[in-house]
Each structure stands twice: as C-alpha cells, then as structure tokens.
Amino acid sequence: MPSRAVHTATITSDGTGFYITEPVFFAEPNYEKVNYNNYGMAFRIQAPPGAYSVYVKTTSDAADTTVSVSGMETSRLLRGGAWDAAKLVPKKVIATALGKEWTYTYVNGRDYLDIEIEPNKVNTPVGVEEIVLQPILPQQREDGSLPTIFTLGDSTVKSYTFDETPMSGWGQVIDAMFNPDKVNVINYSMGGRSFKSAYTEGRFNDILISGSIGDYVFIQFGHNDESTDEFRRFGRGSTEAMYETYIKEIYLPAIRARGMIPVLITPMSRVRGNAAPGYVYTNSFVNRKFPDIMKRSAEESGVTLIDLNSESVKFYNEIGVEATTATVMSIEAGETPGMTTRGSYANGHPLKVIDGTHYKEALAKQFARIIVTELVKTGEAGDSTAAALASYLKAGIRHAAATGDWSKVFPEMAGDTTTGEGAYYRNQIEKLIQLGVMSKDRHGNFNPDAEMTAHEFIQSISKLMNLEESTFAGYPDGKLTREIMGAILDDAYHAKFTSKPKYMTDYNGTAVVPDDPDYDPYMDPGARGAMYYPLVSWQQLMDTAQIAPHLASKVKEAYDLGLIRSEKGIARGQMVNGTELEPKLTVTREKAAKALYFMWVLQQAVNVENDVSSLK
C-alpha cells in the first residue's frame with residue numbers, strides 16, 4: 001500500500017473513547033475519487049494471518065465517519081451486488097455500519113491489521129470507543145460437497161456477457177475443461193483489476209470467506225498492475241516491490257491461513273496490434289517485470305505456478321501475426337453489435353486501435369488449453385497440487401493435454417483458418433461451426449475464400465435464428481450476392497424481432513456515470529460512447545443504383561438497421577465505414593460467417609453470460 005498520513009498529535013480522550021477533529025482534507029485534483037485523505041487516526045493490532053470478525057464501536061455516527069480495515073475501500077464493502085458482469089457470483093461478504101457500530105469479516109495475510117477511523121466532514125469530531133477481533137476458523141467443506149476452483153484476475157480472465165461480444169477471458173471457458181462431477185469452478189475475475197484493486201474492493205476477501213479448506217485459488221494479475229498510479233490511495237498500479245509484497249505478504253499467507261491452495265498464473269504477454277507479417281513476438285512486460293517476479297515468488301514460497309506468459313509468446317509465434325492479430329480485439333465495422341465501455345463496436349473499435357491486450361473466444365480457448373496442459377505436465381513432474389487439479393479434468397481433456405491432439409476437444413477448429421490470412425475471421429468461423437450452423441469439408445477445411453450460395457446461407461441463418469426456411473421463399477439458388485444477402489438479413493430481422501434489439505438502442509452509447517449504482521471508477525468510460533448505426537448514410541453510398549429494383553427496399557432497410565455494411569474501405573482498429581455497398585459482389589464463406597455471427601449476437605440478451613456452445 002502507498003503510505004497514508006494519519007494524525008496522532010490531536011487525539012484526545014474523555015475516558016470512554018478517543019476523538020479527533022480534522023480541519024482540512026486532501027483530494028488530488030482530477031483524481032478525487034481514488035486519491036484522497038481525510039486523515040484521522042489508525043490503530044495497528046497484532047493479529048496473525050487468518051479470518052476475523054471485526055467489530056468497531058465509534059463515538060460518532062456513521063454519517064460522519066468512515067471505518068476501514070487495513071486499507072480496504074469501505075464504500076465498496078458496504079454495497080451488495082455481484083462480482084461478475086452477468087451477476088451470477090453474488091457478493092457474500094458485506095460490511096455493515098449501523099449507527100455507531102461497524103462490522104467486517106476480514107481475512108488477514110500479514111501479522112497485523114489496521115483499524116482506520118476517518119472523518120467524513122471537516123471540523124466534526126470522530127472517534128473510537130471499542131475494537132473487538134474474533135478469530136474465525138477455516139471453513140470445513142460439507143460432507144459430499146465438491147471442492148471449488150476460484151479464478152481471480154483481470155479482464156483477460158473475466159467472464160463476459162453478450163453485449164461485450166466478441167471479447168472473452170480464459171476464465172470464461174476453462175470451466176468446460178473440468179469434470180463438473182468432481183469440482184466446481186467459480187470465476188471472480190473482472191476487468192480493470194490488479195492485485196491491489198481486487199484486494200481493496202473486497203473481491204479477494206470474499207473468495208477467502210466463501211471458500212473451504214482444500215479449495216483452490218487461481219490468480220493472474222499483472223496488466224493493470226502496470227498502471228502508473230501506484231501511489232494513489234485506490235489506484236491499481238504497483239511498483240515491482242509492491243507487486244512482490246502483495247503476492248508474498250498479503251495473498252499467499254491469507255489463502256493458506258484459510259486452508260486453501262494458491263496457484264499463480266503469469267499474465268499472458270500483450271500483442272502489438274500493428275505488427276506486420278513476419279514480426280517475432282517477445283514478452284511485453286519489459287518495464288515492470290511482473291511475470292519474472294511472480295515466478296520467483298512462487299518458487300520461493302513453494303507455490304504451483306503456470307507460466308502462461310512464456311507459453312503465450314510461444315503460441316503467438318507458432319500461429320503467426322495474421323492469426324494472432326485476428327484473435328485479439330481487432331474489430332472492423334459490421335463484425336459485432338457488441339460494446340465496450342466506450343460504446344458500440346458496430347462501426348469498428350471505438351478506441352480506434354487494435355487492442356492487443358484483450359481477445360476473442362477463439363484465443364480464450366487456446367489460453368485455457370495452455371493452462372490445463374501445463375497443469376498436466378507440472379503434475380507429471382511431481383507437483384502434487386497440479387496433479388490433483390489434473391485429476392479433476394475431463395478424461396478427454398487429460399488425453400488431449402498428454403498427447404497434444406486437441407481435435408476432439410475443439411472440433412470447430414478448421415485446418416485452413418488457424419494460421420495465415422485464412423484466420424482473419426477465425427473467431428466467427430469457429431463459433432458457427434461449434435453451433436452447427438456452418439461446417440468443414442471432409443478434409444477438415446472451411447474454405448473461407450470459396451463462394452457461398454443463397455441456399456447455403458438460407459439454411460445457415462434459418463438454423464441459427466430458429467426460423468423456417470420458408471421464411472426466405474422466392475430467392476433462387478445460385479451465388480449469394482451482397483444484395484441478396486442484405487434482403488435475406490432483412491427478412492430474418494423481421495421474422496425474429498418484434499422490436500429493436502437492445503444493441504440498436506441508446507444502450508450502446510450510454511456511459512455509466514459516477515452516480516449510477518453500477519459505476520466503476522476502474523472502468524470509467526468517460527464521455528458518451530460511439531453509437532451503433534452506420535456512420536455513412538444510405539444517401540452517401542455511391543452504388544445503390546446498381547441494386548435490383550425488387551430487392552432495393554429490403555437492402556436499404558438492412559443497411560439502415562446496420563445488418564449489412566460496406567466491406568470496401570473498412571479496416572480493423574478503425575471506426576470507419578466504406579461508401580460502396582458492392583451489391584453484385586459474390587459473398588465468400590468467411591464474409592457470410594461474419595454476417596451470421598453478427599445476427600447471432602444480435603438475438604442474444606445483452607446481460608446474459610456469453611457461455612453458449614450449442615443452439616437450443
């Protein structure tokens with residue numbers, strides 16, 4: 001933690017309690033919500049690692065006082081809610097402040113804890129009358145219940161909802177590799193988190209109180225720890241020394257004090273978004289060498305470690321720049337109706353970058369593959385924790401990890417879409433094959449550049465959206481042109497939706513402001529976000545006169561609805577639309593996959609976890 005001044009010289013006592021009054025507070029301009037100090041006083045209490053019920057009776061009312069424990073952010077601990085985007089992981093450990101009585105349940109990793117009493121108002125006395133610590137024994141697992149693997153990390157581990165498609169985290173998909181009859185997997189990860197912020201908001205504490213003896217905690221942090229706000233009170237960043245301290249003095253001893261088992265996972269390397277073909281990837285952690293610190297800390301502490309950082313670099317170079325760039329968050333217009341905190345992805349990435357930190361489901365599955373493979377290898381090398389975890393894997397996963405043959409685990413992978421230019425729409429193609437909407441040939445290839453027929457497209461969209469093929473009667477079979485595809489998309493839209501999907505509403509461009517209950521300062525979106533609808537109007541398109549008259553109205557509506565967009569002039573990592581619709585151009589299989597994927601997301605509820613691998 002960065003040091004924070006508290007005051008002792010002005011503490012007074014009337015024999016029943018201690019008081020302090022502060023004439024002035026500190027708040028850093030422009031960072032008032034994360035770097036402030038109302039001073040006050042603190043008591044440091046010797047208390048070995050373990051869980052405690054903490055009771056504090058103040059001399060002042062809760063409206064005038066903030067009581068916190070060992071640097072945690074009290075305002076977050078007092079709120080209920082959920083830890084994940086889909087609200088499937090409820091907050092179980094809530095602090096209470098009733099009148100002058102404060103209660104916390106806190107797991108300590110150090111040999112002391114701090115009780116901090118801060119005033120909320122200047123020139124208003126606050127104080128403390130009583131502090132009681134009551135140790136809480138580690139929780140025994142109930143007879144017949146399964147062990148649990150808790151995953152804790154940042155946006156690269158997080159479980160995402162459909163409105164965030166196509167972004168994914170490995171924590172979202174790794175549960176499918178474990179046998180649900182042997183172990184539970186619960187993902188506590190969230191974007192923007194670091195060792196520090198996951199601690200101060202109570203996320204880590206909730207896992208420790210919820211878990212039982214023998215449960216596992218997978219931890220991956222490093223990306224947000226690189227933030228240069230390490231000396232702000234509730235910043236996310238860490239110096240290298242801070243990072244090591246969090247591991248050795250806060251996280252590992254707290255986990256072990258609860259009888260739980262830590263597993264450290266080094267953060268995957270970031271990808272250079274503008275890398276040219278032939279570029280050789282290297283580890284992105286060059287300024288603050290957090291993966292090296294984690295590896296050293298694990299070795300010195302006798303903790304199982306999975307080196308995803310090194311393995312990620314190997315994998316990027318194995319599949320090459322084209323395939324790697326395709327599976328990170330490289331977004332072009334028409335790829336997804338999903339959104340980020342900056343608004344809709346529908347016209348390209350709102351940040352106007354190829355985001356090499358975050359990634360799509362196709363890459364999330366490969367990171368999960370790497371992690372379980374390393375668990376199997378490490379277990380075979382004599383690590384008892386890794387061996388126990390490997391025994392919880394599905395039999396087919398253990399076999400794949402041992403042999404390196406993952407074809408039965410990931411039958412959606414095609415031979416010609418995993419590397420090179422054929423991987424451009426790998427994420428969409430794999431999802432549609434997984435859903436049974438598109439298929440590979442007998443050689444295991446997808447043939448992304450092959451021409452699509454109208455009949456094939458009608459079959460695919462009918463299955464994808466649970467529509468009768470008769471919905472699309474009147475379209476002759478033959479080559480699928482863009483004008484025919486646009487008309488079919490329009491028909492599908494009207495057959496499926498009675499009102500506009502939420503992706504098409506103001507929802508996509510609405511920023512979450514500080515007064516909103518879902519506001520998160522770690523994910524502050526700033527101003528109003530980018531909107532869903534095409535940036536280039538129908539009237540601005542240069543070639544609409546080429547559209548067959550009997551299709552024109554449907555194609556226009558499909559375009560105005562954002563279901564079909566110009567493919568000429570768009571680019572990944574840019575918010576840009578083309579000015580040519582190319583209505584007579586034949587649609588390739590990969591471009592058909594792009595359009596179908598867009599429609600698949602459009603029909604999903606926005607706040608539901610994107611954990612779908614088959615059609616209903």
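## Exercises: a helix pair and some salt bridges

Helix H12 (residues 454-464) packs against helix H15 (residues 589-602) at an angle of about 20°, and their axes lie 10 Å apart. This is a predicted model, in which local features need pLDDT of at least 70, side-chain atom pairs count only at pLDDT 80 or more, and totals for chains, interfaces and linings use all residues. Residues are numbered from 1 along each chain as its sequence is written, and side-chain values use heavy atoms, with hydrogens and water left out.

**Exercise 1.** Work out whether H12 is roughly parallel or roughly antiparallel to H15, and find which residues make the contact.

*Solution.*
- Step 1: Start from the angle of about 20° between H12 and H15. Angles under 35 degrees count as roughly parallel, over 145 as roughly antiparallel, 65 to 115 as roughly perpendicular and the rest as oblique. H12 is therefore roughly parallel to H15.
- Step 2: List the contact residues, where contact means heavy atoms within 4.5 Å. H12 contributes Phe457, Ser460, Ile461 and Leu464, while H15 contributes Ala592, Leu596 and Trp600.
- Step 3: Sort them by class: the contact of H12 with H15 has six nonpolar residues, one polar and no charged ones.

**Exercise 2.** Find which residue forms a salt bridge with Glu164, and decide whether Glu164 is buried or exposed.

*Solution.*
- Step 1: A salt bridge needs a side-chain nitrogen of Lys or Arg within 4 Å of a carboxyl oxygen of Asp or Glu. By this rule the count comes to 37 salt bridges.
- Step 2: The partner of Glu164 is Lys158, with the closest N and O atoms 2.6 Å apart.
- Step 3: Buried means under 20% relative accessible area, exposed over 50%, and partly exposed in between (1.4 Å probe, protein chains only). Glu164 is buried, at 15%, and Lys158 is buried too, at 3%.

**Exercise 3.** Describe where the partners lie in the salt bridges Glu311 with Lys314 and Lys594 with Glu567.

*Solution.*
- Step 1: In the pair Glu311 and Lys314, the closest N and O atoms are 3.2 Å apart. Both residues lie in helix H7 (residues 308-327), three residues apart, about one turn of the helix. Lys314 counts as exposed, at 53% relative accessibility.
- Step 2: Between Lys594 and Glu567 the closest N and O atoms are 2.9 Å apart. Lys594 lies in helix H15 and Glu567 in the loop between helix H14 (549-560) and H15, so this pair ties together parts that are 27 residues apart in sequence. Lys594 is buried, with a relative accessible area of 2%.

Key: Axes are lines fitted to C-alpha atoms, for helices over the stretch in contact, and angles run from 0 to 180 degrees between N-to-C directions. Helices (H or I, at least four residues) and strands (E, at least two) are DSSP runs, numbered from the N terminus. Ala, Val, Leu, Ile, Met, Phe, Trp, Tyr, Cys and Pro count as nonpolar, Asp, Glu, Lys and Arg as charged, and the others, Gly among them, as polar.
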